[in-house]
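Here is a short tour for a first look. Keep the sequence and the 3D view side by side as you read.

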Amino acid sequence: MYELIGVTKQYRRGQERVDALAGVDLTLAQGDRLVIQGPTGGGKSTLLQMLGGLDRPTSGRVLLDGTDLAALPERKLTAVRGQNIGFVFQSFNLIPTLTAQENVETALVPLGVKPAERRSRAAEALESVGLGERSGHLPSELSGGQQQRVAIARALVKRPKVLLADEPTGNLDESMRDEIVELLEGLWKEHGLTFVMVTHDSAIARRAPRLATIRKGRITIKENPRAATPDRASAPVPGTASDPVEA
Amino acid sequence: MFFTYLRRELRRRRKAALVVASGLALGIALVIVVNSVSSGMNQAQGKVLESLYGLGTDLTVTKAQERPADGAQPQRPRFEFQGKDEGEEQSSDRLMVQGFQTLADSTVATVAGQPGVDRAVGGLSLVNLKINGEFARGRIQRGQTQQGPPGAETGGNGSGIGGGSGGGSGPGDTVTGGGAAFDVDSFTLYGTDVTAPDLGPLTTSTVSQGRTFETTETDAAVAVVDSAYAQEKDLAVGDELTVKNVAFEIVGIATADRGQAAAQVYLPLKRAQTLSASAAEITTIYVKATDSTRIDAVKTAIQKNVTGTTVTTSADLAQTVSGSLDTAADLASNVGKWLSYAVLLAAVLVAGLLTSSAVTRRVREFGTLKALGWKSGRVTRQVVGEALVNGFIGGALGIAIGLAGAYAVTAVSPTLTAELGSTGGMFGGGGGGGRGGMVFGGGPAGTAAGKTVDIALTAPVSVTTVGLAVLLALGGGLVAGAFGAWRASRLRPADALRRVE
C-alpha cells in the first residue's frame, strides 16, 4: 500500500537548515496500523503530512498503491487526498459555522456526490460514531469528544483506504480519550483501513502492533506483540498518557 | 454546500459584512445622488438654454458686430419733434430692428447648404417704440429792472424732457411752468417663419390659447401674443393688435416655457419685414444640425463659408451661464464626483482589508478543506462568493439610499438661478419690455442683455446610473475579495495546518 523510499524533508528556519525527515524508509500494507511517537519537533507530523499528500518531500518517493505522491501535480494530489485519505486532527478542525452533518458532508463535496446522497451518507457516518441525534448541532454546541467524533465521521464518510490521525486525543480528557481510541480501533477493524496515528500518549502507543519512533528525522520501527489486534480492539486503554514508550 | 457555507459564514461575520456593505453602500449612494444631481443640472442647463434657443435649435447665426467707421456714431434711434402750438399732440411710432444688424434672408439658404446642417430658418427681431405727448411752453416773468413787453413768451429749448430753464430773456427774468409730458410704449416683436413651426423663436413657448400660425399664413395679418404681454394689455384671442397702423388678429396666446419669452408679439416673417421696411432681411438664423454630436464642425463650416456672421452654439451659451445653477453644477461635477469616488475607493480598500483579514483568521479552515480534497478553485470561489454577496448587499443598500436621496432632491426641488451673460450675436429675449422702458440709444447687435431664469432642480436617476451602481457594487466586491481569494488559493494545506497547530 505505502512505500516510502529515502524520504527527506528540509526546512529553513532563518539561516538554519532543519532536517525534519532524514532518509525515511517505511512500508505499510493495507490494513496495517502504525503508531508514531517521538519528541516534539522530531518529524512525526511531517511524516504524517507526507503520507497524506499534504506536503512534498525534499527528496525521496512516497508511493501510495504505486503512485508517487511526491511527483503528482497539485490537482491530482488534491484528488488523491479527496478520494483515498481521511484525516483526523488534534484540534478537530471542524468548520465552526457548519453543523455536524454539514461538516461531514464537506468531505463528500470534492467527490461530486449529489446533495441527497451526501446527506444520507453523512447521517449514516454520524450514526456510526454515535452522534446521529446531534447532526444539527454546531461544533460549539458539542463537547470535545463529540467534536472529534464528528471529525472521525468526516474522515470516514468517503470510505478512504487510509486514515491518518494526528494526536486525535491530544485535546481530550482521559475518559474522552478512551472513547475515541476505542472508536478508532473499532472502525479500523470494521473497515480494514490502513491506520497511522501520531500520539504522545504511551498508553495508546502500547496498543499498536507497530510502533515507529522518530528522532531528529530518523525513524525506527518496533513490532509490539502485546498490541491490540482487531480482536482485542475494544479493550480499555491501559496506563496513562505520561508513560514513556521505548522505541 | 456553497450557498449554505456562504450564508453561515456571512451570518457569523455579520458585523464585518455590515461594515463592508455599509461602506460600499455609502459610496454607491453618493455616486447615484451625484450622478443624478449632475444629470439634473445638465437638464436644467439644457432647459435654460432651450428657453433662449428654442427646442430643436442647435445653433444660431447672426450678423457679426461691425466696427463703426472712424468718426461715425453707433447707430441708435433718433426722434425729432417739431415745435408746434402749445397743447398739440406729437407722436412717433417706430418699428426698429433689434440691434440694427441684419442679414440678407438669402443667407438662410447659404447656411442651410453647409455640411452638417439639417435645416435653417430665419427670424427678424424687432422693437416697436411709440412715443406720444405734448410740450407746454414756459412763461417768463420779467425782473424789476428789465421789464419786457407784457405777455412775452419763449418756448422750452426742447432739448430735454422736463422743460427748459428759460432763455431769450434778460437778467432778473424767471421762467415758470412749461415742460413736456410723453408716454412711451415699447414692445418686442418677432417675425417668424411660419412654414417651420418646429424651429425658431416660437418654440421657446407653448401656445396656451387659440392656435399657432398655420404654414400658409406667410403674409397674413395674424399675431401670436405672449401671455404676460396679453395679460398686461388685456388682450385675448380674437382681439386686434395694431402695429404701425396695421391691425393684426390675435390667433393665439403663447406662454414661455420658462423665463422670458423671445418676444412679446410674434408675426409672420414676411409681414414683419414689410412693416419694419426690412424686406428680405433677418436678424437670426436658427440652425438644426444633422448630428447633435458634430455641432462644432457645423459651426466651423458656417464661420468659414458664411462670412460676416457670428455663430453661437448651446455650448457657447452654456459658458455664459452663471449664478447658483452654475455653482451647483460645478460642485456636482467636481467636488461631488471626486468625493463619491474617493468614498467608494476607501470602501473597497476597507472591504479588501477585512476580507484579507478574514482569510488570515480562517487559514486553518481553508487548510482543512484542502486536506479534505477541496480544490483551490473551490476555496477561491467561496471567498469571492462571500465578497460578492457583501458587494451585492452594499449595492442594494446603496441603490436604495441613492434612490431615496435623488427622490428627496426632486421632492425638495431647490430653485437654482441661472444668469445668462450677453453673448455676441445672440438674441436678447424680451428686451425693453412693455412698461414704458426706453430703448433710446439701443446698442448695436451683440450686446443682448443678460437674462435670469429660475429653474427647479431635479435629480433624475437613469437606468445607466443604476447599472453603473450595480457594476460598482459587484466590481467593488470582486476587487475586495480578489486579494483574499488569491491568498486563500495559494495556501498549502501543510503550511495552513502547521501555522495554527
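## A helix across the strands

Begin with helix H1 of chain A, residues 44-51. Helix H1(A) lies across S3, S6, S7, S8, S9 and S10 of chain A. Its direction is at about 155 degrees to S7(A), the strand of residues 162-166. Note that this is a predicted model.

Helix H2 of chain A covers residues 74-84. Helix H2(A) lies across S6 and S7 of chain A. Its angle to S6(A) is about 75 degrees.

## The sheet of chain A

The strands form an open sheet of six, in the order S6-S7-S8-S3-S9-S10 (chain A). The pairing is mixed. S6 (85-88) and S10 (218-223) of chain A stand at the edges. Each has a single partner strand, so one side of each has no neighbour in the sheet. From one strand to the next, the twist averages 20 degrees.

S9(A), residues 210-215, runs antiparallel to S10(A), and six bridges join them. Across this pair, A:Ile214 stands opposite A:Ile219 of S10(A).

## Nonpolar cores

In soluble globular proteins, nonpolar side chains tend to be buried together. Here the largest nonpolar core has 38 residues. Those with the most contacts inside it are A:Val104, A:Leu126, A:Val150, A:Ile152 and A:Leu163. Among the elements of chain A that give two or more residues to this core are helices H3 (100-105), H4 (115-128) and H5 (144-156), along with strands S7 and S8.

What does A:Val104 touch, leaving aside its neighbours within four places in sequence? Its contacts are A:Ala122, A:Ala125, A:Leu126, A:Val150, A:Ala153, A:Arg154 and A:Val157. A second, separate core has 37 residues. That core includes B:Val61, B:Ala120, B:Leu126 and B:Val243.

## A covered strand in chain B

Strand S12 of chain B spans residues 284-289. S12(B) is mostly covered, with five of its six residues buried.

Which strands pair with S12(B)? One is S1(B), residues 59-63, which is antiparallel to S12(B) over four bridges. There, B:Thr60 stands opposite B:Tyr286. Another is S4(B), residues 117-141, also antiparallel, joined to S12(B) by six bridges. In that pair, B:Gly122 has B:Ile285 as its bridge partner.

## Thr417 of chain B

B:Thr417 is in strand S15 of chain B, residues 415-420. Is B:Thr417 buried or partly exposed? B:Thr417 is partly exposed, because its relative accessible area is 23% and buried means under 20%. B:Ala44 is 373 residues away along the chain, yet the two C-alpha atoms are separated by 10.0 Å.

Terms used. Residues are numbered from 1 along each chain as its sequence is written. Chains are lettered from A and ligands numbered from 1 in the order in which they are written. This is a predicted model: local features need pLDDT of at least 70, side-chain atom pairs count only at pLDDT 80 or more; totals for chains, interfaces and linings use all residues. Side-chain values use heavy atoms; hydrogens and water are left out. Buried means under 20% relative accessible area, exposed over 50%, partly exposed in between (1.4 Å probe, protein chains only). Two strands pair if DSSP finds at least two bridges between them. Axes are lines fitted to C-alpha atoms, for helices over the stretch in contact, and angles run from 0 to 180 degrees between N-to-C directions. Contact means heavy atoms within 4.5 Å. A nonpolar core is a set of buried Ala, Val, Leu, Ile, Met, Phe, Trp, Tyr and Cys residues joined through side-chain atoms within 4.5 Å.
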